[in-house]
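Dear colleague,

Please read them with the model open beside you.

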Amino acid sequence: MSDIARAAREFTRLVEIMATLRGPDGCPWDREQTIDSLKPFVLEETYEVLDAIDRHDHAALCEELGDFVFEAVFLAQLEAEAGEFAIADSLQSIADKLVRRHPHVFKRDEGEAALGSAGQVRTRWEEIKAQERGKIEKGKTLLSGIAPALPALLRAYHIGVRAASVGFDWTLPGDIVDKIQEEVDELREVVEAGGAVDRTRAEEEMGDLLFSIANLSRKLGIEPETALRKANDKFTRRFGTLEKNVAQSGRTMTAMTLDQLEVEWQRAKASDHAD
């Protein structure tokens with residue numbers, strides 16, 4: 001049996017299992033769920049997939065992708081029961097979209113030219129998306145299709161992608177670095193103004209700074225959520241080493257000066273690089 005045939009068989013089995021779990025003699029917990037109650041599970045599975053990818057743990061990724069697909073099947077089952085749509089409609093939607101947005105692959109016999117680079121593909125993809133958005137609904141704007149529920153840093157990244165698709169973008173990464181410096185200066189002005197910090201203005205300037213950083217990340221071809229997640233992991237790992245070293249020395253962190261902690265931090269960094 002081919003991998004495609006086996007995938008079709010197992011996907012059908014999963015859909016049937018889900019229908020059974022939601023059936024009259026199914027699982028009480030599964031029968032109680034709604035599309036809203038499943039949101040935290042969808043989010044959790046998403047981040048577990050990302051964690052497996054970050055660790056290049058292929059066995060874990062295999063399992064987590066199964067859990068991820070299960071959440072999609074679960075949501076579609078609930079929608080099917082409500083008379084909205086079935087999982088087949090979701091699969092048809094994405095399959096049609098992929099064919100529609102890859103004319104350089106699927107419409108070569110109709111005169112579409114093949115594309116030679118990933119950059120050309122991304123540009124063509126955004127052009128087609130823009131055309132689709134123009135046809136769907138007059139009230140829609142270029143940015144209205146970006147989900148507000150996305151993590152703010154990732155949403156900023158996608159806002160930049162959409163704006164850039166119509167030419168509204170910085171020319172060079174260095175231009176964004178200049179913008180970041182401008183935002184840093186404005187934030188410094190708020191912080192060093194004297195007296196109580198104007199938190200409202202500080203929040204606004206901080207938001208502008210983070211938005212500019214997200215756009216620099218986009219311009220460099222770096223997905224900012226992944227970059228920040230890796231930075232978080234790195235800091236957590238090094239801080240754990242720092243804590244262990246301090247404990248082994250018989251001291252406590254709260255009794256140490258900042259200079260002493262900085263010495264231990266540099267030791268932890270050196271140890272991390274050595275590994």
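The crossing of helix 1 and helix 4 is right-handed, in what is, please keep in mind throughout, a predicted model. The axes of helix 1 (residues 3–22) and helix 4 come within 10 Å of each other and cross at roughly 55°, and that angle makes helix 1 oblique to helix 4. On the side of helix 1 the contact is made by Phe11, Leu14, Val15, Met18, Ala19 and Arg22, and these meet Val69, Phe70, Val73, Phe74, Gln77, Leu78 and Glu81 of helix 4. Sorted by class, the contact of helix 1 with helix 4 holds 10 nonpolar residues, 1 polar and 2 charged.

Helix 4 also packs with helix 3, where the axes come within 9 Å and cross at roughly 155°. Because angles over 145 degrees count as roughly antiparallel, helix 3 is described as roughly antiparallel to helix 4, and the crossing of this pair is left-handed. Helix 3 contributes Phe41, Val42, Glu45, Thr46, Glu48, Val49, Ala52 and Ile53 to the contact, while helix 4 contributes Ala60, Leu61, Glu64, Leu65, Asp67, Phe68, Glu71 and Leu75. The residues of this contact of helix 3 with helix 4 comprise 10 nonpolar, 1 polar and 5 charged.

A further pair is formed by helix 8 (residues 152–165) and helix 10 (residues 199–219), which pack at an angle of about 60° with their axes 8 Å apart. That angle makes helix 8 oblique to helix 10, and the crossing of helix 8 and helix 10 is right-handed. The residues of helix 8 in this contact are Leu153, Ala156, Tyr157, Ile159, Gly160, Val161 and Ala164, and those of helix 10 are Leu210, Phe211, Ala214, Asn215 and Arg218. By class, the contact of helix 8 with helix 10 consists of 9 nonpolar, 2 polar and 1 charged residues.

Helix 7 (118–136), helix 8 and helix 10 each supply at least two residues of its lining, and the largest share, 7 residues, comes from helix 8. By class, the lining of the largest pocket is made up of 9 nonpolar, 6 polar and 8 charged residues.

The second largest pocket has a volume of about 520 Å³. It is lined by 22 residues, and the closest to its centre are Val42, Leu43, Thr46, Phe68 and Leu75; among them, Val42, Thr46, Phe68 and Leu75 take part in the contact of helix 3 with helix 4 as well. Two or more residues of the lining of the second largest pocket are given by each of helix 3 (39–54), helix 4 (58–81), helix 5 (87–101) and helix 11 (224–248). The lining of the second largest pocket divides by class into 13 nonpolar, 3 polar and 6 charged residues.

With kind regards

Key. Residues are numbered from 1 along each chain as its sequence is written. This is a predicted model: local features need pLDDT of at least 70, side-chain atom pairs count only at pLDDT 80 or more; totals for chains, interfaces and linings use all residues. Side-chain values use heavy atoms; hydrogens and water are left out. Axes are lines fitted to C-alpha atoms, for helices over the stretch in contact, and angles run from 0 to 180 degrees between N-to-C directions. Helices (H or I, at least four residues) and strands (E, at least two) are DSSP runs, numbered from the N terminus. Angles under 35 degrees count as roughly parallel, over 145 as roughly antiparallel, 65 to 115 as roughly perpendicular and the rest as oblique. A crossing is left-handed if the near helix is turned anticlockwise from the far one by less than a right angle, and right-handed if clockwise. Contact means heavy atoms within 4.5 Å. Ala, Val, Leu, Ile, Met, Phe, Trp, Tyr, Cys and Pro count as nonpolar, Asp, Glu, Lys and Arg as charged, and the others, Gly among them, as polar. On a 1 Å grid over the protein atoms alone, a cavity is a set of points where a 1.4 Å probe fits but cannot get out, and a pocket is an open set with protein on both sides within 12 Å along at least five of seven lines; lining residues have an atom within 4 Å of a point. Grid points are joined across faces, edges and corners, and a volume is the space filled by probe spheres set on the points.
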